[in-house]
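Reader: I'd like to learn how to read side-chain and ligand contacts in a model like this one. Could you walk me through it?

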Amino acid sequence: MTEQEFAGRVALVTGAASGIGRASALALAAEGASVMVADLNAAGAAETVALIEAAGGLADSVEADVTDERAVAAMVAATVDRFGGLDIAHNNAGASGRSTRITETDLDNWNLIIGANLTSVFLCLREELRIMSAQGSGVIVNTASVSSRTGQATLAAYGAAKHGVSGLTKAAAMEHAGQGIRINAVAPGFTRTPMIEQEMAKNPVWATSALDAIPLGRGARPQEIADVVVWLCSRRSSFVVGQTIYSDGGVTVGRKVRAPQ
Ligand SMILES: NC(=O)c1ccc[n+]([C@@H]2O[C@H](COP(=O)([O-])OP(=O)(O)OC[C@H]3O[C@@H](n4cnc5c(N)ncnc54)[C@H](O)[C@@H]3O)[C@@H](O)[C@H]2O)c1
């Protein structure tokens, strides 16, 4: 990749107060983008901005709930006002929510998880694409998951939402491919972010079995997912359209089994 791939470009990253979003915001800024750091968590977003500035980059933050239509419109408008446009968007905010079997899932919990992981991406795409369509350029990456391809007991709503993110990515890509706008998704596997570290601490048995199932034998560092985001936003992926790219240590490819003796 050339020096400063995104010099002069404006990027918006949601869920950038923590984990994968923070790593993505830092990586896009390191490649020269001016980055709007968006999150519900204003203090965490300010920390991400401070980290970017300490590394010599340019960033600002906006507090936004990406499940709220008006907040999403204000977030995108704030990005354009602050930095003069919108060239790159990483729609990353999400939350796995409470794990329940389908028979014990009430409608409120279902709606909460679909809202946080799928409706949020639709709302962000709609606002971002209005700006990008008018300027005739742009690149968008949505955060999907291994749950976009596989099913897991007690994670039906999350899995349905993340399958939806892949479908939404394809439809959006088809609507805008002729306008110079590329839209793809990154699908992380088990990534050692605060969301996952909290789950590991609460449920060590689950953590051991989840790590054991990864062919590569470990979880990802958030930076390893951000590297895929940077690639998907760069000219190096200029012919990649509507794809969900799995960065999962091999987990969706096959089971980790011992070779026959
Ligand atoms: N960590 C993993 O193993 C993993 C695996 C697959 C997919 N993902 C996906 O990656 C994304 C980031 O997850 P992470 O692991 O970095 O989690 P994280 O909890 O570390 O970060 C998520 C961030 O999103 C923000 N957020 C949540 N809901 C929001 C809302 N409604 N509006 C604005 N901000 C909101 C949170 O405040 C938080 O800062 C999510 O979409 C998640 O589903 C994570």
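Author: Gladly! Keep in mind that this is a predicted model. Let's start with a charge and a ring: Arg 149 sits over the face of Tyr 246, 3.9 Å from the ring centre.

Reader: And when two rings meet, how is such a pair described?

Author: Two aromatic rings are described by the distance of their centres and the angle of their planes. In this model the count comes to one aromatic pair. The centres of the Phe 190 and Trp 206 rings are 5.7 Å apart and the planes make an angle of 40°, so this pair is tilted.

Reader: Which parts of the chain does the pair tie together?

Author: Phe 190 belongs to the loop between β6 (181-188) and α6 (194-202), while Trp 206 is in helix α7 (residues 204-212), so the pair links parts 16 residues apart in sequence.

Reader: Is Phe 190 buried or exposed?

Author: Phe 190 counts as buried, because its relative accessibility is 14% and the cut-off for buried is under 20%.

Reader: Now the ligand. Which residues come nearest to the ligand?

Author: The ligand has 28 residues around it, and Ser 18, Asp 39, Tyr 158, Thr 191 and Thr 193 come nearest. By type, the shell divides into 13 nonpolar, twelve polar and three charged residues.

Reader: Which helix gives the most to the shell around the ligand?

Author: That is α6, with three residues. Helices α1 (19-30), α5 (156-176) and α6 each supply at least two.

Reader: What should I look for among the polar atoms?

Author: Look for N and O atoms facing oxygen atoms of the ligand. In the side chain of Asp 39, an N or O atom is 2.6 Å from a ligand oxygen. The backbone takes part too: a polar backbone atom of Thr 191 is 2.7 Å from an oxygen atom of the ligand, and for Gly 189 a backbone N or O atom lies 3.2 Å from one. As for cover, the ligand taken alone exposes 820 Å², and the protein buries 90% of that.

Terms used:
Residues are numbered from 1 along each chain as its sequence is written. This is a predicted model: local features need pLDDT of at least 70, side-chain atom pairs count only at pLDDT 80 or more; totals for chains, interfaces and linings use all residues. Side-chain values use heavy atoms; hydrogens and water are left out. Rings of Phe, Tyr and Trp (its six-membered ring) pair if their centres lie within 6.5 Å; planes under 30 degrees apart count as stacked, over 60 as edge-to-face and the rest as tilted. Helices (H or I, at least four residues) and strands (E, at least two) are DSSP runs, numbered from the N terminus. Buried means under 20% relative accessible area, exposed over 50%, partly exposed in between (1.4 Å probe, protein chains only). A charge sits over a ring if NZ of Lys or CZ of Arg is within 6 Å of the ring centre and within 35 degrees of the ring normal. A residue is near a molecule or strand if one of its heavy atoms lies within 4 Å of it. A polar contact is a pair of N or O atoms within 3.5 Å; within protein, one must be able to donate a hydrogen and the other to accept it, and residues adjacent in sequence count only if both atoms are side-chain atoms. Accessible areas come from the Shrake-Rupley method with a 1.4 Å probe; for residues, only the protein chains shown count as cover. Ala, Val, Leu, Ile, Met, Phe, Trp, Tyr, Cys and Pro count as nonpolar, Asp, Glu, Lys and Arg as charged, and the others, Gly among them, as polar.
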